Amino acid sequence: MKIPSNTSLPGAQVLSRRQWLKWGAAPLLASALPGCTPLGLRPGNAGLRPQLRLLGEERLPYHLQFQDTMVGGLSGLDHDPASGRWFALSDDRSDRNPARFYTLAMKVSEAGITGLSVQSVTLLRDAQGQPYPNRKQADASRPDIPDPESIRFRPETGTLLWTSEGDVNRGLPPALREMSLDGRLLREFTLPEVLKLGADDAHGPRNNLTFEGLALSPSGRHAWVSMEAPLAQDGPLPTAGQRGGPCRLTRFDLSTGQADRQIAYQPDAVPRSPLPPGTPADNGISEILMIDEHHLLLLERAYMTGVGVSLALYRIDTRQAPDTLHQPTLAAGTPVAAKTLVADFASLGISRLDNSECLCWGPTLSNGRRSLVVLSDDNFSPIQITQFLAFEYQDASQ
């Protein structure tokens with residue numbers, strides 16, 4: 001995703017993190033990005049019993065061309081265990097390529113990742129069956145430019161759920177949609193009032209900080225959608241050493257298409273100050289994944305210019321937080337879901353941490369445990385990577 005910075009450099013416009021990484025940060029990040037984030041950035045890391053074991057890593061090359069599209073910006077990933085297919089959603093908002101997802105081949109086992117390849121590309125289509133316009137094609141008659149972020153396969157229906165962050169600055173709200181495997185829109189879910197665009201900048205979703213995460217319940221009854229950052233009225237964005245407002249996690253009933261529950265979650269403060277001061281730094285929820293019918297994994301991703309990336313995986317019980325669906329504002333002191341740190345990625349032996357935005361279950365391993373796959377979004381930047389990480393997941397109860 002593309003997070004706006006709250007500050008600007010002298011004599012420069014306000015840059016998003018994506019723009020900063022692509023155009024302005026290469027000299028500053030030359031020493032920061034190639035290595036892992038230092039240990040101890042996340043609270044609760046001391047004495048943590050690891051629940052993730054790294055199995056392997058693979059990457060797709062930068063600027064990989066496939067069927068007249070550029071493979072990159074992968075911000076959503078899911079796996080169909082029956083067919084073995086992987087679905088990877090691109091969040092490309094440029095005027096180069098249409099909204100699309102890729103079908104991948106990839107084998108995950110105790111030996112790591114093998115056979116990674118792109119098999120096909122599918123364009124996302126609107127209710128009239130037409131590809132969504134890109135930013136160059138959009139006009140008053142076709143304003144709906146999606147910003148795809150997360151994708152989930154529904155085994156019961158053979159369809160795909162996907163989220164769009166919309167474009168608050170253009171008056172386009174976030175969305176949860178369902179499509180067929182050929183990309184055709186089947187339905188759009190009804191947003192609760194509190195998640196619709198606000199009447200002014202002090203209310204509603206912030207631009208590019210909306211529906212970043214999507215999780216499907218094992219029963220197939222519900223989908224959870226996570227805001228990456230707090231609504232404007234729910235509190236400030238986090239800064240170094242200071243937590244921001246809570247983020248909302250909203251549950252949708254898949255049979256009715258309506259939201260039926262919502263809880264609040266508190267992301268960490270930005271772990272370290274950026275270098276130099278005043279350059280972009282942020283932390284928020286980049287993806288969610290259901291462990292079972294009630295427990296969620298949440299991936300928090302922080303970026304700090306001149307320092308690098310911090311990734312942390314947390315676990316919550318969705319039953320242990322009050323319903324906030326009909327609360328217009330989350331006032332200070334609003335109860336949030338208690339979270340437990342599962343893994344600080346800096347301690348997992350990964351060659352490099354990058355802009356990870358995807359989290360999904362892979363095939364069951366030969367020892368009976370789950371595999372977990374994490375994927376990074378390269379933002380179409382030559383100094384970032386499309387990185388697949390495979391882990392063995394050990395539940396805390398095991």
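This is a predicted model: local features need pLDDT of at least 70, side-chain atom pairs count only at pLDDT 80 or more; totals for chains, interfaces and linings use all residues.

Asp268 is buried, because its relative accessible area is 8%, which lies under the 20% limit for a buried residue.

Where does Asp268 sit in the chain? Asp268 belongs to the loop between strand 15, residues 258–265, and strand 16. Which side chains does Asp268 meet through polar contacts? One is that of Tyr314, joined to the side chain of Asp268 by a polar contact of 2.6 Å. Another is that of Lys339, where the polar contact between the two side chains is 2.7 Å. I also draw your attention to Asp282, which is 14 residues from Asp268 along the chain; the C-alpha atoms of Asp268 and Asp282 are 10.0 Å apart.

Four strands make up an open sheet, and their order is 16-17-18-19, with antiparallel pairing. Which strands form the edges? They are strand 16, residues 281–290, and strand 19, residues 339–344, each of which pairs on one side only. From one strand to the next, the twist averages 25°.

Within this sheet, strand 17 covers residues 295–304 and strand 18 covers residues 308–317; the two pair in the antiparallel sense over 10 bridges. In this pairing, His295 stands opposite Asp317 of strand 18.

The loop between strand 17 and strand 18 contains Thr305. Is Thr305 buried or exposed? Thr305 counts as buried, because its relative accessibility is 0%. A polar atom of the Thr305 side chain lies 2.8 Å from the backbone oxygen of Pro280.

The chain holds two helices and 22 strands. How many residues does the chain have, and what share of them counts as buried? There are 398 residues, of which 59% count as buried. Among the contacts in the chain with a separation of 6 or more, 63% are between residues 24 or more positions apart. The chain exposes about 15000 Å², and carbon and sulfur atoms supply 52% of that area.

Thank you for your attention.

Conventions:
Residues are numbered from 1 along each chain as its sequence is written. Side-chain values use heavy atoms; hydrogens and water are left out. Two strands pair if DSSP finds at least two bridges between them. Axes are lines fitted to C-alpha atoms, for helices over the stretch in contact, and angles run from 0 to 180 degrees between N-to-C directions. Buried means under 20% relative accessible area, exposed over 50%, partly exposed in between (1.4 Å probe, protein chains only). A polar contact is a pair of N or O atoms within 3.5 Å; within protein, one must be able to donate a hydrogen and the other to accept it, and residues adjacent in sequence count only if both atoms are side-chain atoms. Contact means heavy atoms within 4.5 Å. Accessible areas come from the Shrake-Rupley method with a 1.4 Å probe; for residues, only the protein chains shown count as cover.
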